[in-house]
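Visitor: I would like a close look at one part of this chain. Please take it slowly from there into the surroundings.

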Amino acid sequence: MTAPTSNSLNDAPVVTRFAPSPTGFLHIGGARTALFNWLFARHHGGKALLRIEDTDKKRSNQDAIDAILDGLDWLGLDYDDDPVFQSKRAERHAEVAHMLLEAGHAYKCFATPEELEEMRAEQRASKQPMRYDGRWRDRGPNEAPNGASFTVRLKTPQEGEATIEDSVQGSVSVRNEELDDYIILRADGTPTYMLAAVVDDHDMGVTHVIRGDDHLNNAFRQLPIYRAMDDIEGGWPDPTYAHVPLIHGADGAKLSKRHGALGAETYRDEFGILPEALFNYLLRLGWGHGDREEITRGEAIELFELSGVGKSPSRFDLKKLENLNGHYIREKDDAKLAPLVAKRLETDADLALLAKAMPVLKTRAKNLDELAEGAGFLFAKRPLVMTEKAAKLLDDDGRARLSSISKALAGENDWTMEALEATTKALAEELELGFGKLAQPMRAALTGTTTSPGIFDVLVLLGRDESLARIDAQAS
């Protein structure tokens, strides 16, 4: 890997992180966040790190972790260190919380759940913002009942405002009075997300936090931790933030399953999308470089900068993804494409034959399923199952023409497209028929369908013996 280079914002090697919660699959929004982090790090010769935020034990599970890792690997997003599991760092998170507590940047809150619910009820009734009212901010533990449980809350600034120079959103400010003193350690001593994320980002050396703009408010709540810890021990600089607009559906509504908010493995397994296509499509969801649509992995690394990320939500369009997938299918090496198609066939497939067929099968295919469907005739067993339309072509006239075709082709020793075409057209002239009158029943007999690659491609791919056997099986 190229040695990390310094960035002008904080004069440190670029380090990014992707930090998913393992409560489900690697959905489209998460995959794009992972991609943007990975590309930014690779572009600057820095490090791309992975953190699994698995502190929610009720919702986190190993299957979700495996699905996320599998999805990232399929997209070709590699990381420079082993994944960090947040759940294994609780002791470190608590250590920082106690440092904040001892330095006066945090305090013990002995408010009971009942008291807090009463507070929230009063705020709802008076239509006030739902925020902790700081009732224990200036009180000491000696005022609490003996043995009372407590949480630890961060003492956030109450005056002035905080400003973030976001690399995507620009300058964003929030009045400090809008922030409340939130919990950093629960009553059972476990850390909250706000604390854990900051401590992990600092300890991992993260310089750039690139994530969805639904986390923008979190940045203002997390900055006081950085600044308090920098005051305590130094070396806790603010990260550079880049909050990327979320993805919407093609209709402009919030992305949901009906729009395609599914896991990366669904696009691979059910939709037949290639990783190159999804990589390219996710890149273009909210980022652009002129009018370029098709961008290779190498070009993406060379070109990617946060300045190219737009401020408006991007729209996910499955049809556009499929069209782009068609491009990558046509570009992909036939020998590499064949095994992917073979997995989607219900029978053992000859990979050499599949690879040989790819040039004629992939001209219009938009996904691997369409390729598999188109290749099905190659491995069909006699007698072929006919579609309804194909069966109609094999009436008495069609079968009679197949007999003539069989005799003509049986005498053909040069089983090439050119020779087969010349022989078939000569037969059509002899029978005073249009070429289609021979090609249509021949296609039905050879493939069991009315759609296929060119009929002479089909004859060559099936070979002389199999072609004649299929035609004879349907001839009168």
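In which loop is the place of Pro157?

Guide: This is a predicted model. Pro157 sits in the loop that links S5 and S6. Its relative accessible area is 37%, so Pro157 counts as partly exposed. Leaving aside residues up to four places away in sequence, Pro157 touches Asn176 and Pro224. Asp180 is 23 residues from Pro157 along the chain, and their C-alpha atoms are 8.8 Å apart.

Start with S5, which spans residues 151-154. S5 pairs with S4 in the antiparallel sense, over four bridges. One of the bridge pairs sets Ala106 against Leu154 in S5. Both strands belong to an open, antiparallel sheet of three strands, ordered S4-S5-S8. S4 (106-109) and S8 (183-185) are the edge strands, each with a single partner strand, so one side of each has no neighbour in the sheet. From one strand to the next, the twist averages 45°.

Now the other flank. S6 covers residues 161-166. Its two faces differ in cover. Ala162, Ile164 and Asp166 make up the covered face. Glu161, Thr163 and Glu165 make up the uncovered one. The general rule is that side chains in a regular strand alternate between the two faces of the sheet.

S6 has a partner in S7, residues 170-175. The pairing of S6 and S7 is antiparallel and runs over six bridges. Three residues connect S6 to S7 in a hairpin. Glu161 has Arg175 in S7 as its bridge partner.

Thr207 lies in the loop between helix H5 (193-203) and strand S9 (208-212). A polar atom of the Thr207 side chain is 2.9 Å from the backbone nitrogen of Val15.

S2 itself, residues 47-52, is mostly covered, with five of its six residues buried.

On to S3, residues 84-85. S2 and S3 run parallel and are joined by two bridges. Arg51 is opposite Val84 in S3. Here too the β-α-β unit is right-handed, built from S2, helix H2 (residues 62-74) and S3.

Last, the packing. The largest nonpolar core has 93 residues, and Leu354 and Leu378 touch the most other members. Helix H1 (residues 28-43) supplies the largest share of this core, nine residues. Leu378 touches Leu353, Leu354, Ala357, Leu461, Leu462 and Arg470, again leaving out residues up to four places away in sequence. Another core, of 36 residues, lies apart from the largest one. Its members include Val96, Leu101, Tyr182 and Met204.

Methods:
Residues numbered from 1 in each chain as written. Predicted model: local features only at pLDDT ≥ 70, side-chain atom pairs only at ≥ 80, totals over all residues. Heavy atoms only, no water. Polar contact = N/O pair within 3.5 Å; in protein donor to acceptor, adjacent residues only side chain to side chain. Buried < 20%, exposed > 50% of the residue type's maximum accessible area, 1.4 Å probe, protein only. Pairing = 2+ DSSP bridges. Core = buried A, V, L, I, M, F, W, Y, C linked by side-chain atoms within 4.5 Å. Contact = heavy atoms within 4.5 Å. Right-handed = clockwise from strand over helix to strand, strands pointing away. Axes fitted to C-alpha atoms, helices over the stretch in contact; angles between N-to-C directions.
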